[in-house]
Amino acid sequence: METLLFLFPQFNFLATKEEAYFKMLCPEDLQTPRMKDDTARLKDKDRKSRLSLFLTKSGSHENVSPDKRTNTASNNVSPEAALKWSDSFEELLKHSDGVEAFSQFLRTEFSEENIEFWLACEEYKTIDSETKLLSKAKYIYAVFIESEAPKEVNIDYSTKMAIKKNITQPTTSCFEAAQAKVYSLMKKDSYPRFLTSDIYLCLTKRKAPGANMFRRRSRSCVFNERGEATADASVWY
C-alpha cells in the first residue's frame with residue numbers, strides 16, 4: 001500500500017494546529033525581533049533625514065515663528081533704535097528687528113537653533129487648542145530636543161527625559177525648563193558678543209560697512225586698518 005506525502009502542512013489533517021499555522025505565516029511575519037528593530041531604526045533614521053532636508057530647504061525660520069519673522073533688519077532700523085538693544089537682552093527680544101539681527105549674528109556662530117527654539121516655545125505657549133498643542137509639542141521635540149534632532153539645542157539629559165514624558169499629555173509649560181536654560185545661555189554667552197559684533201556695530205553706525213577695525217591691547221588707543229591710532233573710547237563698547 002502506498003503512503004501519500006503531503007507537501008503542504010496546512011492541508012495535512014494529521015499535523016498539529018500550531019505547525020499548520022506556522023507554515024501559513026508570511027516571510028515578513030517570521031522576522032526575528034532583532035530584524036524588526038533594525039527596520040524600525042532605519043525608518044526612524046529616514047524620517048529624521050527627510051525632516052532635516054525639509055528644514056534646510058525651508059529656511060532657518062520657516063517653520064518656527066512666522067509672526068516674528070522680518071526681512072533684513074539692517075535696512076529699516078535706525079541707529080537710535082538699535083542702541084536701545086544694548087540696554088538689556090530683554091529689550092532686544094521685545095523688537096522683531098532686534099530678534100532678526102540677533103538671529104543673523106547667531107547664524108555666523110552656527111548657533112541659530114537657540115533663538116529658533118526660544119521663539120518656538122514662545123509661540124507654543126499661546127496655543128489654546130489641545131489638538132494643536134499636542135502637534136506642536138511633538139514638532140518641537142522632534143526638531144530641537146531629541147538626540148540627533150536636526151536643530152538639537154544643548155540641554156542636559158534629565159531635562160530631555162522630563163520633556164519626553166510630559167509631551168504625552170502636553171501643557172503650555174512642557175518646555176519652560178529647557179527654554180529657561182537656552183535663554184540663560186544666549187543672555188550670558190551670545191548677547192555680549194553680539195553687542196561687539198560687526199552686525200550690531202553697523203546698525204548703530206559705530207562701524208562703517210566693510211571697515212576692518214582690529215584692536216591691539218592698549219589702554220589709550222585703537223589702531224585702524226591703515227595703522228592710524230585713535231583715542232575714541234566709544235569703539236571699545
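Here are a few questions and answers on the helices and aromatic rings of this predicted model.

Q: Is N114 buried or exposed?
A: N114 sits in helix α6, residues 113-124. Buried means under 20% relative accessible area. N114 has 5% relative accessibility, so N114 counts as buried.

Q: Which residues does N114 touch, leaving aside those up to four places away in sequence?
A: Contact here means heavy atoms within 4.5 Å. With residues up to four places away left out, N114 touches V153, V182, L185 and M186.

Q: How far does helix α5 reach from its first C-alpha to its last?
A: Helix α5 runs over residues 96-108, which makes 13 residues. At 1.5 Å a residue you'd expect 18 Å, and the model comes close to that, with a reach of 19 Å.

Q: What kind of aromatic pair do F89 and F102 form?
A: The structure holds eleven aromatic pairs. In this one, the ring centres of F89 and F102 are 5.5 Å apart. Planes over 60 degrees apart count as edge-to-face. The planes of F89 and F102 are at 70 degrees, so the pair is edge-to-face.

Q: What is the angle between the ring planes of F194 and Y200?
A: Both F194 and Y200 are buried. Their rings lie 5.2 Å centre to centre in a tilted pair, and the angle between the planes is 50 degrees.

Terms used:
Residues numbered from 1 in each chain as written. Predicted model: local features only at pLDDT ≥ 70, side-chain atom pairs only at ≥ 80, totals over all residues. Heavy atoms only, no water. Helix = DSSP H or I, 4+ residues; strand = E, 2+ residues; numbered from the N terminus. Buried < 20%, exposed > 50% of the residue type's maximum accessible area, 1.4 Å probe, protein only. Expected span 1.5 Å × (residues − 1). Phe/Tyr/Trp six-rings, centres within 6.5 Å; stacked < 30°, edge-to-face > 60°.
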